[in-house]
Amino acid sequence: MELNIRLSGAAGQGIQTANDILGKLATRSGYFCYSFNDAESRIRGGINFNHMRVSTLPVSAPRERVDILIALSSPGLESNLSKLVDNGVLISGVKTETAGKSTFELGSLDITNKKVYGLAAVAVVSSILNIALPDLEKIIKEQFKGKESILDINLDAARQAYSMAQSWTEGAALSLNPPKESLQQGKWLSGGDAFALGAAAGGVSFVAAYPMSPATSIMTNLSHWSKELEVHVEQAESEVTAINMVAGASYAGARALTSTSGGGFALMTEGISLTGMIETPLVVAIAQRPGPATGLPTRTAQGDLRFAIHGGHGFFPRVVLAPKNINDNFTITSEAFDLAEKYQIPVIVLTDQLLQDSKQSLKNFDFDSISQKRYQLSREELEKLDVYQRYRFTDDGVSPLAYPGQSSHPVVVDSDEHDQDGHLTESAEISKKMAEKRHRKLKTILQSCKKPESWNLKPGIPLVLTWGSTWGVVNEVQKRLEKQGIEFAHVNLSWMWPLPADFFRKELEQASKTIIIEHSVGSEFESLMREVTLHDFDHAVRKMDGRPFGVEDIEVELKELL
Amino acid sequence: MGKYKEEDYKSNVENAWCPGCGNFGILNTVKQTLAELDIGPHQAVICTGIGQAPKLPHYMKVNTFNGLHGREVASAQGIKMANPELEVIVHGGDGGIYGEGGNHFLHAIRRNLNITVVVHDNRIYGLTKGQPSPTSELGLVTGIKPEGVQISPLKPLELAISQECSFVAQAFSANIKENVEILKAAILNEGFSLVNMLQPCITWNKVNTYKWFRDNTFKVDSEHDPYDSRATLELLKDKLPLGIIYKNKKEAYDSKVARARVFCGKEGFNKIAGSFG
């Protein structure tokens with residue numbers, strides 16, 4: 001059971017704030033919530049919406065269905081009305097003579113300041129959800145703490161709207177009771193929040209980045225919380241500065257992060273190659289949006305997979321990871337820091353606009369579940385050595401790590417091909433051995449490669465393959481189709497690179513039919529899977545409009561293909 | 001004079017500079033300066049890019065970050081922010097710092113971390129074989145510009161002074177004794193210090209020779225007030241002044257970077273993670 005509430009209006013009308021208050025409130029009341037947004041690249045005006053699912057079961061994917069449409073602008077109303085279901089209702093801040101739906105007119109309240117319409121609409125939804133008025137008042141007081149001048153008009157609007165909604169029968173008919181089993185002290189947070197917390201738990205201490213949608217929330221969050229999370233955030237003057245700055249910081253002993261989107265990563269590729277060569281650990285977040293070039297800055301895509309795997313000149317080992325949901329944004333990001341330092345490599349975390357900007361009710365993250373291990377030699381170990389060689393040849397290709405100033409040994413790194421001491425070399429013999437050393441790390445890293453996650457994996461039935469955030473819709477559609485007697489196996493990749501040669505081939509060959517789904521114009525994922533599995537997929541589903549896959553779209557699509 | 005001697009910075013790496021290159025004098029200056037300031041090979045980091053100047057740290061024993069061409073100033077700032085206790089010195093060429101890395105240079109002056117940037121300014125590209133550099137004079141004939149350089153040279157000192165750089169000096173590579181004093185002052189200065197190190201390129205630049213630099217430079221008068229930007233700009237109008245030419249008292253950014261090597265604790269984490277309820 002769920003209610004789909006779409007808040008639509010122009011940028012600057014406060015729909016984001018209203019959405020957050022509703023999400024927090026419903027989560028506290030025991031519901032499972034999920035929201036995603038659809039925003040234009042502008043600060044004021046246009047048509048934006050936030051779509052909120054309030055459910056009795058965990059939800060984590062976008063939907064098209066709308067049960068309650070909150071419209072704060074006429075264009076917002078017109079562009080979303082067709083999505084409203086037959087018995088759906090409208091909460092409107094604009095004139096709606098032609099809507100033909102049971103309508104709660106915010107204009108009929110005794111409110112003069114239209115800026116509180118969003119909150120008044122949340123009060124109406126609270127009434128429908130049977131959330132007690134004091135609970136709503138409490139959250140409003142928290143929200144406007146320190147802004148007492150506007151607290152009163154917001155409280156007044158909420159009380160009026162709540163009271164009037166109590167007698168709105170068409171609205172009340174949509175009533176939904178919270179589940180018996182709910183999250184205990186559930187949190188309401190975004191992918192960007194989870195990413196920053198994952199980085200913190202993974203030990204990030206230095207961030208240099210240049211703002212770029214949809215990655216900016218990572219640096220913003222870490223900057224806001226820098227005191228509590230013990231991190232320094234430096235706004236670099238360009239992505240080129242950012243990558244070379246974090247490379248320096250990592251060399252000096254920081255756990256370093258930079259975050260960007262595809263265009264910024266393009267500028268960083270020389271620096272990525274540098275970190276591969278000098279073997280400094282580093283985590284790079286790429287929050288994908290549709291390209292090429294500027295593309296659709298505030299929208300979503302999965303088009304940078306190949307770019308993340310191959311970006312940078314020359315060969316060097318790296319790991320590419322892709323969280324499937326907001327919870328993974330925490331766990332996988334923290335793991336990225338561990339992998340980066342363990343193998344002294346760049347680790348790229350590929351998220352996307354959908355994942356970064358969507359929000360969900362989740363259990364509190366457990367700090368103790370994250371490895372806090374560090375890999376450098378201790379000062380005592382270092383002082384016992386006659387010489388310290390930054391690039392000592394080892395069986396697994398991973399040389400002992402040390403930082404400048406840590407002991408009496410200097411630490412030498414070089415972007416030229418170098419000897420074990422770190423000094424530049426022209427020797428054919430040493431060059432070969434050093435290239436082999438770096439290459440050996442690849443084999444070592446493959447031991448960490450995880451099998452993809454799977455749901456209902458068994459031979460003889462169709463198999464649907466996804467990666468990263470596309471997991472959400474397919475996971476939900478799998479459950480919906482199962483109820484209709486249609487069964488398929490779902491496999492999702494989070495560990496994107498490196499992959500072993502025989503990776504997952506057997507499972508693909510044993511499926512009755514294979515379907516691959518990626519949110520991209522091209523076929524980056526399909527071509528990668530063909531390369532490593534030598535498997536030809538029966539069907540491919542792609543997307544080109546920058547909007548997320550919806551549960552309804554994928555259900556229809558898969559029903560046809562299965 | 002104390003703990004360290006010049007031989008403590010000695011390296012066994014074979015030197016690849018052209019015999020007679022101005023860089024040899026600069027290398028000696030660096031070793032002597034560090035020894036006199038009691039900064040050990042493990043306490044300083046020399047951060048460089050690609051070119052002839054950037055090979056310098058390989059020819060001595062010292063922490064070395066030899067990164068990408070033109071990116072040395074960006075990396076040096078990352079190193080300094082991650083560990084402000086390290087003495088971070090950049091050695092780059094006029095091509096790397098003023099050309100490829102021009103934007104990093106500008107913003108590093110603004111950021112004003114306590115680092116020293118020594119630009120080996122020979123007004124030509126050496127390693128790529130004699131193309132004009134951002135500081136090449138009008139008319140300089142090179143392989144790629146047989147008709148002579150047709151665009152005006154960058155004025156790095158004027159640029160740095162206009163941005164109220166913390167410390168600006170100019171030196172000539174052959175004057176080791178004076179240069180040790182200049183470099184010491186640059187390192188001891190609390191903030192971003194620029195040392196434009198004039199040097200001949202004996203292979204590619206046949207105009208700006210040892211003799212040319214001797215004839216076209218002069219030592220800054222002890223009366224000169226380096227805090228007077230107007231007087232400093234006057235000084236730069238004709239010949240090339242040598243010495244500490246400009247200073248600006250301002251707080252280094254280092255003190256604002258306190259957390260760049262600390263791990264997040266459970267308490268702080270739970271405070272933030274718990275705030276989403």
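Visitor: At roughly what angle do the axes of helix H1 and helix H6 of chain B cross?

Guide: This is a predicted model, and the two helices in question are H1, residues 23–36 of chain B, and H6, residues 176–188 of chain B. Their axes come within 9 Å, and the angle at which they cross is roughly 55°.

Visitor: How many charged residues are in the contact of H1(B) with H6(B)?

Guide: From H1(B) come Gly25(B), Asn28(B), Thr29(B), Gln32(B), Thr33(B) and Glu36(B), and these meet residues of H6(B) that include Ile176(B), Asn179(B) and Lys184(B). Sorted by class, the contact has 4 nonpolar and 6 polar residues, while the number of charged residues is 2.

Visitor: Which element gives the most residues to the side of chain B that touches chain A?

Guide: On that side, 48 residues of chain B are in contact with 57 residues of chain A. The elements giving two or more residues to this side include strand S1 (44–48), helix H2 (72–82) and helix H9 (266–273) of chain B. The most, with 8 residues, is given by H2(B).

Visitor: Which residue of S2(B) stands opposite Val413(A)?

Guide: Strand S15 of chain A, residues 412–414, pairs with S2(B) in the parallel sense over 3 bridges. Within S2(B), the residue that stands opposite Val413(A) is Phe65(B).

Technical notes: Residues numbered from 1 in each chain as written. Chains lettered and ligands numbered in written order. Predicted model: local features only at pLDDT ≥ 70, side-chain atom pairs only at ≥ 80, totals over all residues. Contact = placed C-beta atoms within 7 Å. Helix = DSSP H or I, 4+ residues; strand = E, 2+ residues; numbered from the N terminus. Pairing = 2+ DSSP bridges. Axes fitted to C-alpha atoms, helices over the stretch in contact; angles between N-to-C directions. Nonpolar A, V, L, I, M, F, W, Y, C, P; charged D, E, K, R; others polar.
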